[in-house]
Every structure is written in structure tokens, then in C-alpha cells.
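This report looks at selected side-chain interactions and at the setting of a few helices and residues. Please read it with the sequence and the model side by side.

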Amino acid sequence: MPLLARMLPAPIQMEVRRGAVAELGALLADSRVATSGRVAVAVGPGQGDHIETLITPTLGEAEVFRVSDGSVEAAVSLGGDLRKGAFEVVVGVGGGKTIDTTKYAASLAGIPMVAVATNLSHDGICSPTASLVYEGGKGTFGVPMPLAVLVDLDFVHKAPQSLVRSGVGDVLANLSACDDWHLANVELGEPLDGLACSMARTAAEALLGRPDSVETDAFLTVLAESLILSGMSMVVAGSSRPASGGDHEIMHAVDQLFPGTSNHGELAGVGTAFCYFLREDEDRLKQVIRCLRQHSLPVTPGDLGLTTQQFTEAVSLAPATRPGRYTILEHLNLGDSEIRDRVEDYVRAFGS
């Protein structure tokens, strides 16, 4: 008998609204996530005290842990605490570093994790990966997808706008990543998951034509849903393929060569625009550049504080950051002088 459908993993609950943190206990009970066992809550250093004050009345005896940073060491330490406490579930409340650290810790402890996002800087909210710092730099680790995902718009509105806007850049990268996957399918015969691509691309297309920005609940809701859908596309694909291509290779190279240059989404946005410049896809390039500028995101290396030479070095190193991944960078296989010429052309075309 032919397979009539495939089962798709998805969070058992997803909510994007104001007040989600304050009503966390009720939301967990309603979704049957935590009904009888102990609940652990991991919060970041920034708003930990305020978050603890909000959740204590609804979660009762929940034990609150402080996540010091987004490192492997912090995740391993939290994982050990979770194992000792015999918790039913751990809730990670905060930005990307706190959520990624909690995801990895939950996987080490063998318990489910609920993500409660107070920022929208990248698609790690619902992804099956955790980006963590270790001695050798920054790495991406496979983890189970969160069991439930909540986004509290009250907190998002209070977050630094530059970080919230950067989520737009990370979602736009899906367009470039999916084009890279199609390229690998044509050139190398790499299997392509059309559903994963459709989910990732739809998430990006939802943002391209919107006239509003991070000041409105309506836009933040769409951004949050796009980031969650992007994360789910990676779960469907079984890898980061639909959301990470040459754009993210450039981002990882910048992180490696010039750490602290900028955040994840801003680097991914510039990488996306440059990859479309390399593809000579003028229509899509115009759309991406217009969207980046609309949301006050960087467009050129200079906007990131990088020189032309530094960005050239990053593009040259980029393929080595994801060995085995075929993107427009591997396809063109440009030499250092050719890369420098393309970067200079890009800066002349789009620099202020």
C-alpha cells in the first residue's frame, strides 16, 4: 500500500501574544505539558528577576535557574542540575542565548523543553539546533525541537529594536538557502525536500511586502510566526538546509574571523543580499535590499563595520565553515582576487 501521508513533528502548542510569561502556568497545564511533576525554569541574566516575579504566582514550586551565557559550559552545568532535580519539563524564558542553552541542557537531561521567547532575533525559537560558544569558537548542535513555543509581545516590545529587527534578516536568508538547495539538487543530485523549502520560503515571503515594522503587534506576530515556521522547516528537513546556505556560511566566517562584529540576523541579511548579487538575480536582490533598508538593517560590509578586505576574507573562508554544503559560493568557486572584485562591485552598487 502506498504511503498516503507523512507525520510531521510540530509543537503541541504555539502562542504569540502579550502576557504569555505571566500566564505560563495556565498555558502549560492547558496543553498537558506539565500536570504533576516538577517544573524547572531557566532565565537569562538580563531580565531574570522580573521574569521570576511574574511566573512564581502561576508556577508555584517551580525551581528557577539562571543561565549565565550561551556557552556549552553553561548548558552542561544546567543539564546536570536538571538531571539531579527529576524535573518533568524545563522552560527556557528569554532571548536566543537562553533558549539555545536550555534546549541543549534539556537534551542532556532527557526531558522536554518549552521555549518562551522574549526577543525575535533569529529562528532558534523552534529550531532543532542550538548555537553555543565553546573554546574553539561557536558551534551548532542538534537538539530536539521545543515541545511548545510561546512568544510574549510585551517583552519583545521592550527588547532592543536592533535585535528584534535582526530577526527579519535571518528569515530573509531562507530565500537564499532554498535557492542554494535547489542548486545542489540540480548540480549534484542532492535530495531536495520540497515541503521544507515551501515552509521556509513562505516564512520569508510573508515579510517581504509588509509596509509596517517592529513597532506594531501585527508585524511582530508575523515575524514571530515566520521564525517559528523557519525552525519547523529545519525539523521537517532533518537539517538546517532550508534556512542556512551561502548566506550563513558568510555569517559564520565573519563570526570566526572578526568575532563581535554584529549579531546573527544582521550578518545573515548582508550575506543573503551578497549571495543574490553573486547569482545576478536582480529582481530578488532588489526585494531583499529594499526589505533590509526598510527595517534599518545593514546592507553593506561597511554598515557592519567591516572593510572590503575583511569581508573578502570572510567570503573566501565561508565554504570551509560548512564542509559538504553546496551553495552559490561553492558553485562559483571564485579565487581571492575575484571575490574582492565582486565585493567592491557590490559596495559600489549599494553603498551609501
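## Aromatic pairs

Across the whole structure, a search finds nine aromatic pairs. In one of them, Tyr134 and Phe141 are arranged edge-to-face, with 6.4 Å from centre to centre and 75° between the planes. Tyr134 counts as partly exposed at 42% relative accessibility, and Phe141 is partly exposed as well, with a relative accessible area of 23%. Phe277 and Phe350 form another edge-to-face pair, for which the centres are 6.5 Å apart and the planes stand at 85°. Because Phe277 belongs to helix H10 and Phe350 to helix H15, this pair ties together parts that are 73 residues apart in sequence. Phe350 is buried, its relative accessible area being 18%. Both rings also belong to one aromatic cluster, which is formed by Phe274, Phe277, Phe311, Tyr346 and Phe350. The model is a predicted one, and this should be kept in mind for every value in this report.

## Salt bridges

The search of the whole structure finds 11 salt bridges, among them the pairs in this table.

| Pair | Closest N to O distance |
|---|---|
| Glu215 and Arg165 | 3.0 Å |

Glu215 counts as partly exposed at 48% relative accessibility, whereas Arg165 is buried, with a relative accessible area of 11%. Salt bridges that share partners also join Arg18, Asp154 and Asp217 into one network.

An α-helix has 3.6 residues a turn, so residues three or four places apart point the same way. Are these two residues, Asp100 and Lys103, buried or exposed? Both Asp100 and Lys103 are buried; for Lys103 the relative accessibility is 2%, and Lys103 counts as buried because of this value, given that the cut-off is under 20%.

Helix H4 spans residues 96–109. Leaving out residues up to four places away in sequence, Lys103 touches Met113, Gly124, Ser127, Thr129, Val143, Pro144 and Pro146.

## Helix H11

Helix H11 (residues 282–294) has 13 residues, and the distance from its first C-alpha to its last is 18 Å, close to the 18 Å expected at 1.5 Å a residue. Its buried residues are Arg284, Leu285, Val288, Ile289, Cys291 and Leu292. Seen down the axis of H11, these buried residues fall within an arc of 165°, so they line one face of the helix. They pack against H6, H7, helix H10 (264–279) and helix H15 (336–350). The face turned away from the buried side of H11 carries the exposed residues Glu282, Asp283, Lys286 and Arg290. After H11 comes Ser296, whose phi is positive, near 55°.

## Leu304 in helix H12

Leu304 is placed in helix H12 (residues 301–304) and is buried, with a relative accessible area of 8%. Which residues does Leu304 contact, leaving aside its neighbours within four places in sequence? They are Thr261, Ser262, Glu266, Leu267, Val270 and Pro298. The C-alpha atoms of Leu304 and Gln13, by contrast, are separated by 37 Å, and these two residues are 291 residues apart along the chain.

Note on methods: Residues are numbered from 1 along each chain as its sequence is written. This is a predicted model: local features need pLDDT of at least 70, side-chain atom pairs count only at pLDDT 80 or more; totals for chains, interfaces and linings use all residues. Side-chain values use heavy atoms; hydrogens and water are left out. Helices (H or I, at least four residues) and strands (E, at least two) are DSSP runs, numbered from the N terminus. Buried means under 20% relative accessible area, exposed over 50%, partly exposed in between (1.4 Å probe, protein chains only). Contact means heavy atoms within 4.5 Å. A salt bridge is a side-chain nitrogen of Lys or Arg within 4 Å of a carboxyl oxygen of Asp or Glu. The expected span of a helix is 1.5 Å times one less than its number of residues. The arc is that of the directions from the helix axis to the C-beta atoms. Rings of Phe, Tyr and Trp (its six-membered ring) pair if their centres lie within 6.5 Å; planes under 30 degrees apart count as stacked, over 60 as edge-to-face and the rest as tilted.
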